[in-house]
Amino acid sequence: MSEQNESQARQDLWGTRMEREQERPRSISRRGLLIGGAGAATVMGAAGYAGWDGLRRWWWRAAGSERPRTDGVVDHAGAEWVGASSANWRRAQRPSDYAVDLVVIHVVQGSYGDALRVFRDPLHKAAAHYVVRQDGHIAQTVRELDVAFHCGNREFNERSVGIEHEGHVDRPEGFTDAMYAASARLTAGICTRYAIPADRAHIIAHSEVPGTDHTDPGPHWDWNRYLGLVRAATTLAR
Ligand SMILES: [Zn+2]
């Protein structure tokens, strides 16, 4: 299939099409089996987050406290709003309806422009919340209130903010200083907004999402460096 050939070059952009399957009733398929495995894993994982029930007491999580939406408004200062097609995310009222306790790091397997183009395509059925360009410019494509279809696992989508990074998993030279720095400031802001610990249990790779067959951001993503930058930016934000 030509779609499969394309997927080899652009695994991440293609792979997010898994989401379309996730939002449908489960079918008997290899993908269905992967999803089943993910369910078992997340039941175990949920116990680790029990302490975060404290978040439910936050005033803005009270029933009926729907937050206002204005076209073009962004959640991260300085981000450019480039809205994704509404087919690629689901309207929600996070964190009132779903607690947000994860940031998922992706690499596009393509350019910044490629990501924005497919996120605007209603047939793609997937989008992340943000796309970070190699020069550090950031586009917000889905509001953090809403559930973006970015990691191929419905529960993880509901509880996470997804960040795509321009580039390829096997080209570490594309992970520029400017991109790491800008992305770390973005993640620090997300951690501050939702009281998410800035650690590897809460800032995860797409490849670590249960049930995924994705490899991004891959072995060349410098987690020590990235977390150090996030923690430094989180301290500054407080
Ligand atoms: Zn990904």
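Which residues does Y130 touch, not counting residues up to four places away in sequence? In this predicted model, Y130 touches A79, I138, A139, Q140, T141, I163, E164 and L186 when residues up to four places away in sequence are left out.

## Overview of the chain

The secondary structure of this chain comes to 8 helices and 8 strands, and of its 238 residues, 44% count as buried. Among the contacts that join residues at least 6 apart in sequence, 77% are between residues at least 24 apart.

As a general point, the strands of a sheet pair through backbone hydrogen bonds, either parallel or antiparallel.

Strand β3, residues 102-107, and strand β7, residues 160-165, pair in the parallel sense over 6 bridges. Within this pairing, V104 has G162 of β7 as its bridge partner, while I105 stands opposite I163 in β7. Strand β7 also pairs with β4 in the parallel sense, here over 3 bridges, and the bridge partner in β7 of Y130 is I163. Strand β3 is in turn joined by 3 bridges to β8, the two running parallel, and V103 has I203 as its bridge partner in β8.

What is the setting of β7 in the structure, enclosed or open? Because 6 of the 6 residues of β7 are buried, this strand is largely enclosed by the rest of the structure. In a regular strand, the side chains alternate between the two faces of the sheet. Both faces of β7 are covered, with S160, G162 and E164 buried on one side and V161, I163 and H165 buried on the other.

Strand β3 is likewise mostly covered, with 6 of its 6 residues buried. From β3, the residues L102, V104 and H106 point one way, whereas V103, I105 and V107 point the other way, and all of them are buried.

Helix α7 is mostly covered, since 13 of its 18 residues are buried. The residue that follows α7 is A195, whose phi is positive, near 55°.

The loop between α7 and β8 holds I196. Is I196 buried or exposed? With 24 C-beta neighbours inside 10 Å, I196 counts as buried, because the cut-off for a buried residue is 20 or more. Leaving aside residues up to four places away in sequence, I196 touches D101, V103, I190, C191 and H202. I196 and V100 are 96 residues apart in sequence, yet their C-alpha atoms are 7.9 Å apart in space.

A232, by contrast, is found in helix α8, residues 223-237. This residue has 15 C-beta neighbours inside 10 Å and therefore counts as partly exposed. The C-alpha atoms of A232 and A188, two residues that lie 44 residues apart along the chain, are separated by 8.4 Å.

Notes. Residues are numbered from 1 along each chain as its sequence is written. This is a predicted model: local features need pLDDT of at least 70, side-chain atom pairs count only at pLDDT 80 or more; totals for chains, interfaces and linings use all residues. Two residues are in contact if their C-beta atoms, placed from the backbone, lie within 7 Å. Helices (H or I, at least four residues) and strands (E, at least two) are DSSP runs, numbered from the N terminus. A residue is buried if 20 or more other C-beta atoms lie within 10 Å of its own, exposed if 12 or fewer, and partly exposed in between; C-beta atoms are placed from the backbone. Two strands pair if DSSP finds at least two bridges between them.
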